[in-house]
Amino acid sequence: MIDSQRRALMGRALAAALLPTAWPALAAEAWPNRPVRWIVPYLAGTGPDITARILAEAVSPILGQPIIIDNKGGVGGNLGARLAAKTMPDGYTWIYSAAPMAANMHMYKVPGYDVLKDFRHVTRISASDIVLLVNAKSSVSSLKDLTARMRAAPGKLDYASGGVGTPSHLGAELLLNSLDVHATHVPYKGASELLNAVLGDQVQFGMPIFGVAYPHIQAGKLKPLAVAGSMRNPLLPDVPTLTELGVRGVELTSWGGISLSAGTPDVIAERVRTAFDAALKQAKVREQIEANGANVRPSVNSQEYVQDFVKEMAFTQAMMKVAKLEPL
């Protein structure tokens, strides 16, 4: 009797000792068993927000749980990224990660997170061109016109961005440097506010990502002057690229994808990746995303997506030197 009691006690002690290491694996195997929160660090109605909502609807039935979009816009995407970096690595909080998260490593002295250490980057979702535009009622009808006005009144024209370090900010500064002209930067909280500023004549021009601007271009409210891509956008075949207009070195693409907290178990990260791969293969999903001006470009693997961040950080650092920008 004593031996059997002793064996039972030892068995319970061994199980208790193994529990801390066994529990994460068990939890991962059961994942997901409740709703997932997807932080989008940009305002509702922006390109990333639209893409996230399309995919949330497609991925939810694949995983068997609701995916709740949580918009946390502000500080060039830093606000949402900071929140996501502090969450438990249990797979129940995602972040719509994008180029600004990498750029902010150099644009801000203290961004509040480390884009390579605090996240597990899963896959790229899409990429979008940057478009130079003005109000449709503006008498400016070309890049040549806009350049002439900036040269005639250095620093007097204003341009809007979706925040410091966003593609709309970096792209505009790179363009101004290439043209050797000056304009005043007016940062807003996101791309939708950028567009409202141009639509309301609060600023003279802007360079938002294509997806969020396209509906207003279609409606005849915004006038595109050029696309900052390597080739013309198929949705605007008559709009030239900056390269065609003689501007070299301003070929920009904004990209975004899905990332998790660092330390998220392999099995969860793999399930997220395969769920997104399956969703992005659906013709309806691809059509919806591309109808909003973005191009579906999933990464081959997580390492390729990590390299997007590494390259963007290097590009931002080089661009800041060229444009003489100091970190905030």
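Student: In which loop is Pro32 found?

Tutor: The model is a predicted one, and in it Pro32 belongs to the loop between α1 (2–29) and β1 (36–40). The peptide bond that joins Trp31 to Pro32 is cis, with omega at about -10 degrees.

Student: What makes α2 and α9 oblique to each other?

Tutor: Helix α2 (residues 47–63) packs on helix α9 (residues 266–280) at an angle of about 120 degrees, and their axes are 9 Å apart. Roughly perpendicular covers 65 to 115 degrees and roughly antiparallel begins over 145, so with its angle of about 120 degrees the pair α2 and α9 is called oblique. The crossing in which α2 passes α9 is right-handed.

Student: Why is α2 called roughly antiparallel to α10?

Tutor: The angle between α2 and helix α10 (residues 283–291) is about 170 degrees, with their axes 10 Å apart. Angles over 145 degrees count as roughly antiparallel, and α2 is therefore roughly antiparallel to α10. Thr51, Ile54, Leu55 and Ala58 of α2 make the contact with Val285, Gln288 and Ile289 of α10, and these residues divide into five nonpolar, two polar and no charged.

Student: What makes α6 oblique to α11?

Tutor: Helix α6 and helix α11 (residues 302–323) pack at an angle of about 40 degrees, their axes being 10 Å apart. Only angles under 35 degrees would count as roughly parallel, and roughly perpendicular starts at 65, so α6 is oblique to α11. The crossing of α6 and α11 is left-handed. On the α6 side the contact is made by Leu170, Glu173, Leu174 and Asn177, and on the α11 side by Phe315, Thr316, Met319, Val322 and Ala323; by class they are six nonpolar, two polar and one charged.

Student: What sets the phi of Asp180 apart, and where is Asp180 found?

Tutor: Phi of Asp180 is near 60 degrees, a positive value in a residue other than glycine. Asp180 is found in the loop that runs between α6 (167–179) and β7 (184–187).

Student: How do you know that Arg34 lies over the face of Tyr92?

Tutor: Arg34 is at 3.7 Å from the ring centre of Tyr92, whereas the distance limit for a charge over a ring is 6 Å, so Arg34 meets the distance condition and is described as lying over the face.

Student: Which residues form an aromatic cluster?

Tutor: One aromatic cluster is formed by Trp38, Trp94, Tyr96 and Phe276, and the structure holds 11 aromatic pairs.

Conventions
Residues numbered from 1 in each chain as written. Predicted model: local features only at pLDDT ≥ 70, side-chain atom pairs only at ≥ 80, totals over all residues. Heavy atoms only, no water. Axes fitted to C-alpha atoms, helices over the stretch in contact; angles between N-to-C directions. Helix = DSSP H or I, 4+ residues; strand = E, 2+ residues; numbered from the N terminus. Left-handed = near helix turned anticlockwise from the far one by under 90°. Phe/Tyr/Trp six-rings, centres within 6.5 Å; stacked < 30°, edge-to-face > 60°. Lys NZ or Arg CZ within 6 Å of the ring centre and 35° of its normal. Contact = heavy atoms within 4.5 Å. Nonpolar A, V, L, I, M, F, W, Y, C, P; charged D, E, K, R; others polar.
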